[in-house]
Amino acid sequence: MNKKSIYKFCPLCKGDFVKKRLIHHEPERLVCKSCEFIFYLDPKLVACTIAETINGIVLQRRNKEPKKGHWVLPGGFVDRGETLEDAAKREFFEETGLVTKINSLLGTYSYPGEANIIIVYHSEITGGTIQPCHESMSIDEFKKNKIPWDQLAFDTTRKALKKYIDPILTPSEK
Ligand SMILES: [Zn+2]
């Protein structure tokens, strides 16, 4: 689905939107016919975390579409005003029940035509107990040689796990 087509009305005055190219080398923008408000469709930031218990890397099995039933790195959308690091820690805690401390930035992932920009941290688990939230079918821990590669939800899940597990072999996906 093309998300650019779902906004029809101005959030300020309820006027109709029209698509206009305001600057020749930039994409078309949604502009309100009544008040000329420009609605910029900005990217959305997602902060994810790779962290290991003694049993392995913590993955979450999605309970909603897209990719329901597939495994992802615990993470979610960054709130406006929130730091990336705080968002990664908050989302990891909400989804797994585990408290983390950021270790390093593992990678950033973006794709042409996609709204989401994904930031993946490598973190240490410092507390808590595993407690799946409603967005998970389950939480599980996987040894590096037991990652369910054919049941991962997204490209980013696969790329980040590959980079974490075997950074030397995947320079092109850094
Ligand atoms: Zn308007």
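**Close-up views of a predicted model**

**View 1. Three antiparallel strands make an open sheet in the order β1-β2-β3.** Here β1 (17-20) and β3 (38-39) are the edge strands, each pairing on one side only. Strand β2 (residues 29-32) is joined to β1 by four bridges. To find your place in that pairing, look for Lys 20, which stands opposite Arg 29 in β2.

**View 2. Strand β9 (residues 116-128) pairs with β4 in the parallel sense and with β8 in the antiparallel sense.** Eight bridges connect β9 to strand β4 (residues 44-53), and Asn 116 is the bridge partner of Lys 44. Strand β8 (residues 98-109) is joined to β9 by 10 bridges, with Leu 105 standing opposite Tyr 121. Six residues lie between the strands in the hairpin of β8 and β9, where Gly 113 takes a positive phi near 80°.

**View 3. A salt bridge between Lys 144 and Glu 52 links distant parts of the chain.** The closest N and O atoms of this pair are 3.9 Å apart. Lys 144 belongs to the loop between β10 (136-142) and α2 (155-165), while Glu 52 lies in strand β4, 92 residues away. Both ends are partly exposed: Lys 144 has a relative accessibility of 40%, and Glu 52 has 30%.

**View 4. Helix α1 (residues 84-96) holds both Asp 86 and Lys 89.** These two residues are three apart, about one turn of the helix, and their salt bridge has its closest N and O atoms 4.0 Å apart. Asp 86 is partly exposed at 41% relative accessibility, as is Lys 89 at 31%. Salt bridges that share partners also join Asp 79, Glu 82, Arg 90, Glu 91 and Glu 94 into one network. Within it, the closest N and O atoms of Arg 90 and Glu 82 are 2.6 Å apart, and Arg 90 is partly exposed at 22% relative accessibility.

Definitions and conventions
Residues are numbered from 1 along each chain as its sequence is written. This is a predicted model: local features need pLDDT of at least 70, side-chain atom pairs count only at pLDDT 80 or more; totals for chains, interfaces and linings use all residues. Side-chain values use heavy atoms; hydrogens and water are left out. Two strands pair if DSSP finds at least two bridges between them. A salt bridge is a side-chain nitrogen of Lys or Arg within 4 Å of a carboxyl oxygen of Asp or Glu. Buried means under 20% relative accessible area, exposed over 50%, partly exposed in between (1.4 Å probe, protein chains only).
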